[in-house]
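Here's a quick briefing to read alongside the model. Have the sequence and the 3D view open as you go.

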Amino acid sequence: MPRILPVIVLAQFLCTSLWFAGNAIAADLAATLQQPPTFVALLTSAVQLGFISGTLVFALLAIADRFSPSRVFFFSALAAALCNLGINLPGVEAGSLLAFRFLTGFFLAGIYPVGMKIAADYAQAGWVNGWDSW
């Protein structure tokens, strides 16, 4: 059991790398799509707006409280990865690219905050039950 908390933290770290993966190639995407350099700012903002929107939806619907947080984390990570992969589709246009980055951010709201909830639950169980019982 003591190894679970580091695994959760590592999984959360790796999954949130989706935020930065698209940003790392944003300038190349803008150039490929013949967009102005300001398009990079739109791509970055799309992820942030998606994350804010997703966090609001996940919180208002109490998703992590109504469903298993581990499953919410898993399905959010899968959906975010698929949306992030969408930027590689042939023939993707600027609007689709913005939508994929927005959705990546949206599903990141099921990764970072939910992962923190999972980690906090395990840490609290360790404190309440005593770390030796783990």
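Buried means under 20% relative accessible area, exposed over 50%, and partly exposed in between, using a 1.4 Å probe and protein chains only. This is a predicted model, where local features need pLDDT of at least 70, side-chain atom pairs count only at pLDDT 80 or more, and totals for chains, interfaces and linings use all residues. Residues are numbered from 1 along each chain as its sequence is written, and side-chain values use heavy atoms, with hydrogens and water left out.

**Salt bridges**
- There are two salt bridges in the structure (a side-chain nitrogen of Lys or Arg within 4 Å of a carboxyl oxygen of Asp or Glu).
- Asp-65 pairs with Lys-117 at 3.6 Å, N to O.
- That pair ties together distant parts of the chain, with Asp-65 in helix H4 (residues 63–66) and Lys-117 in helix H7 (residues 112–129), 52 residues apart.
- Helices here are DSSP runs (H or I, at least four residues), numbered from the N terminus.
- Lys-117 also bridges to Asp-121, again at 3.6 Å, N to O, and the two are about one helical turn apart because they sit four residues apart in H7.
- Asp-65 is exposed at 60% relative accessibility, whereas Lys-117 is partly exposed at 27% and Asp-121 is partly exposed at 36%.

**Helix H6 and Ile-52**
- The buried residues of H6 include Leu-97, Arg-101 and Phe-106.
- Ile-52 lies in helix H3 (residues 39–60) and counts as exposed at 57%.
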